[in-house]
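The stops below cover aromatic rings, cores and charged pairs.

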Amino acid sequence: MYRAVFALLAALTASTSAQELRVPVLGEAPLAPTNEAPAARALIELAEETLSAGLSSTSAELHRRALTLSGISDADRERATLGLAFALLERNQSEQAITLVKPLPNSPRKALRLALAGLLQNDTALIAESVGQLNVDALPPEERPWALAITGMIGIARETPGSEAVIRKAVESAVSEAQRQRIELLAYRSVVQKGQVDDASLASMERRARETKGTEAGFVFARTWATLLARRGKIAEAAAVLQDVRGTQPARQAEADLAAGIILGPTSEEGISRLRLAAGNAEAPALIRSKAIRALATSVNEAAAERTVQLANATYAFLSDSRNGCPRSPEITDAIHLARAQIMLTAGNRELARNAADDLLRETPGSPLVAESVRILAFLAWGDGSYRLASSHLDRLVTLVPTSRREAIRAASADCLFLAHDYAVAARAYTNLQKDATETTIRDSAFHQSILCILEEDGGLDNAAKQLEDGIAKGTITRERILMGAWNIADYARRRAKPEDFARMLGRFSGVSQAAPIEFALRFEWLRALSALANGDRTSAMRYAESVTNTLQNLPKDASPQLLAAAPELRAHAALLKARASADTKSGAEIRELVQLRERYGKVSAGAASYLAEGRLLASEGRHVEAQKRFEELAKDYANDPALAEFAALGLHEAAEQAAILAATEGESKLREAVSLLSTFITRYPGHPLVFQVTIREAEILRNLGDFDSGLRLMDELTRQFPQHPQRAQAELARADCLMGLAALRRAPNGGPDRARISRAVAAYERVVETWSRDSDAIAESRHKLAQALLERASGESVADALATRRDVRQLLAREATDLLSGSRDTLGMNGRSWVSRSLLLLGERCEADGDRKEAIAAYRLLRDLNAGLTDSESRLPGKALAESKLAELERAPSNPTK
């Protein structure tokens, strides 16, 4: 349901070299991978904000996703675990919450969750164990009201005087209206959980309720009697008692219905019906109605997966129908809109959720629930990949939340700008955060990210180095972050494959790295090995790898626990690096070392990486059958290991590519095999960062097989699932290619193009050109294909229409020439240059066909002149020889009048 939300930056790509694969502690980036750190932080922050907005199921999913990130730090892992536990507790899944938090270090936050779980389970031993560590003042401000509420609820269960006042204080100190409602609802639920109720108390309360029936006191006694019955597990009897005392007063009716709904449970049809009665009671107090509306949203949140959508639609319809469903009043309009947004978000209908959140902001701008609505909008934008919009919503949220939450939300907003590749604006946001932040971790993180912004913006190594040196001079940044910054700058220089820059940066930061902790000393040595290997200096690479191995085998006793724990696996990665750096360049020797590595170290990430290294080595030598077999072994052997599933996924992906290569010699069966492998990838790893590209690749192979219908279905489903994916243009282009293939396959009875199908293909290409193409390569490809589709359509049109269409084609292709001459296409990649060349050649052909010799010569000459003075290997655009041949032919021919 939320796969679009979880499609974060790809950690690995098919072209990644085996020695580049992520390694714990010594991987591509220290502590947290540089390309995932902002995504991880933003994900955890968003998970906490969705929990604040009352979206416990969504929050649980986001926290689970955060816990799967391989680069997550220990502190963030604990933070995500605590957040997931709280989300589970709000869904009444206390057993799972206890299992999660038990292994965590003791802390007031852990104690809070265990106390709440004990309360919901009526586990007096767990309550007693946890309450002693429940230090309210040591909790974050947003969790203190919960601690007060739990203290009060425990007091009520123990009949401690003044407990009701403690709960009232908890409600009054809530940091948001949504938290207040959630505390009140939880208080209701906690007192109706099954537990010990003695017969004397039950009989006494029943007697009092009967003696005072019809009075206000009698109503209170009856409600308490029903609660005690519920604690004994007599749910139906409790509901009957409350039904009996509803009477005629709207306030009593609504309160009795609310209590009955909570006792019957949010998953009970009768319970939901009673909650709707309470929410729809127009004459009841707004406070009771808003609690019932909140409980209805919770019922959808806790529904079984197979019932979620149906129940969500029914509840949404009830809340939206002010005449026959839930009457509105100024006091509860905001609660209705928020519940509608929460319900639709839970059901996966993002558009209705967005509309409902916008309704709240538009109709009740002064509501205390505005913050919750903005949170939902931020989540929706983030999930759609609209990171700039998400940042804008988070900036607004900063002004609506308590001071204690503002710095974290500002950091998430800056991270969203980073994810949007808006590095200049992100850098300013990080710089401002460094100046204002009071928390050391946030200030350090902002400093770290500001350096990455400079690097990602290609602002130059020296600019990044100066930023780092300024941080050193200020003395406010921790040494660990300074070392991380130096590492990132050096690694950036290494990845640019400029050995002189890499050496210069290492020299510039020699003072920083001297006497560095062993963890960072190893990291820098690892970088030297990778750099040497990339530059073909196997001797130096082997020397550095040996140095790493020796250090890992003789770690000092004061090394960090993290490094000591990771040392065995790191030694395996060092062995992998040594195999890659082997002085014996014969593949047989290297493969033997890779096999020995797997036999020695077993199923560790280095072992999985060795399969990739071996498969890629075999493929580079043209041994594609063996390469495919090795990749399939990787996919099979590691499929059931969650920690190494990413390697298994890459194995499937690369096996499919090898099968596709083999199709050239072995036929269609290999293409079908590739389709099967890619389909398995999508089914088995639906949340993998590469799933979008893999699906497009599957559609491409299906087109090669002539199965355009299946390819079209894949692309339609993909664009529905990922409406705002950064590579949406490629998916739309693949969809248009499928439509074009269908048009070519299923022609009209007269042999010409099927007008309906070719028109759909033309419309699809036009949409890509006008709406989705962002980069130069996509624009070049989509323009050329649109031109081809228009020419195909023209072949079936009347003379007048065909003339107009061909004129449109010339104008479209001429735009490529105009863009080239204006200098706006300087960012073309290899693929884009190929499509531009085809467009210029096609323009020349069309001008020739129209008898426009002058324009044809201009088109061919442009292609020739852009490559003037360059060798074939250096040419800016391919096709120079063909253009020169055409020019020679046209210049020799006599002039023809322009048609």
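Two rings of Phe, Tyr or Trp (its six-membered ring) count as a pair if their centres lie within 6.5 Å. Planes over 60 degrees apart make a pair edge-to-face. Note that this is a predicted model. By the pairing rule, the count comes to six aromatic pairs.

**Stop 1: aromatic pairs**

Select Trp 382 and Tyr 387, one of these pairs. Trp 382 is buried, at 2% relative accessible area. Tyr 387 is buried too, at 13%.

Now go to Phe 681 and Tyr 685. How far apart are the ring centres of Phe 681 and Tyr 685? The distance is 5.8 Å. The planes stand at 65 degrees, so this pair is also edge-to-face. Phe 681 and Tyr 685 are both buried.

**Stop 2: charges over rings**

Select Arg 523 and Phe 520. The charged end of Arg 523 sits over the Phe 520 ring, 4.2 Å from the ring centre. Then select Arg 598 with Tyr 611. Here the charged end of Arg 598 lies over the ring of Tyr 611, and the distance to the centre is 4.0 Å.

**Stop 3: the nonpolar cores**

Select Leu 112, Ile 293, Leu 319, Ile 343, Ile 376 and Trp 382. Within the largest nonpolar core, which has 105 residues, these six touch the most other members. Which helix gives this core its largest share? Helix H19, residues 370-383, supplies ten residues. Trp 382, from the first stop, is thus back in view as a buried residue.

Zoom in on Ile 343. Leaving out residues up to four places away in sequence, Ile 343 touches Ala 297, Val 300, Ala 312, Thr 315, Tyr 316 and Leu 319.

Next, pick Leu 597, Ala 663, Leu 690 and Phe 722. They are among the 55 residues of a second, separate core.

**Stop 4: salt bridges**

The structure holds 51 salt bridges.

Return to helix H19 and select Arg 375 and Glu 372. The two lie three residues apart, about one turn of the helix. They form a salt bridge, with 2.7 Å between the closest N and O atoms. Arg 375 has 8%, so it counts as buried. Glu 372 has 0%, so it is buried as well.

Move to Lys 578 and Glu 546. The closest N and O atoms of this salt bridge are 3.5 Å apart. Lys 578 belongs to helix H30 (residues 561-580) and Glu 546 to helix H29 (residues 538-553), so the bridge ties together parts 32 residues apart in sequence. Lys 578 is partly exposed at 22%. Glu 546 is partly exposed at 32%.

Now select Arg 735 and Asp 716. Their side chains meet in a salt bridge, 2.6 Å from N to O. Arg 735 is in helix H38 (residues 728-745), and Asp 716 is in helix H37 (residues 708-721). The pair links distant parts of the chain, 19 residues apart. Asp 716 is partly exposed, with 21% relative accessibility.

Methods:
Residues are numbered from 1 along each chain as its sequence is written. This is a predicted model: local features need pLDDT of at least 70, side-chain atom pairs count only at pLDDT 80 or more; totals for chains, interfaces and linings use all residues. Side-chain values use heavy atoms; hydrogens and water are left out. Rings of Phe, Tyr and Trp (its six-membered ring) pair if their centres lie within 6.5 Å; planes under 30 degrees apart count as stacked, over 60 as edge-to-face and the rest as tilted. Buried means under 20% relative accessible area, exposed over 50%, partly exposed in between (1.4 Å probe, protein chains only). A charge sits over a ring if NZ of Lys or CZ of Arg is within 6 Å of the ring centre and within 35 degrees of the ring normal. A nonpolar core is a set of buried Ala, Val, Leu, Ile, Met, Phe, Trp, Tyr and Cys residues joined through side-chain atoms within 4.5 Å. Helices (H or I, at least four residues) and strands (E, at least two) are DSSP runs, numbered from the N terminus. Contact means heavy atoms within 4.5 Å. A salt bridge is a side-chain nitrogen of Lys or Arg within 4 Å of a carboxyl oxygen of Asp or Glu.
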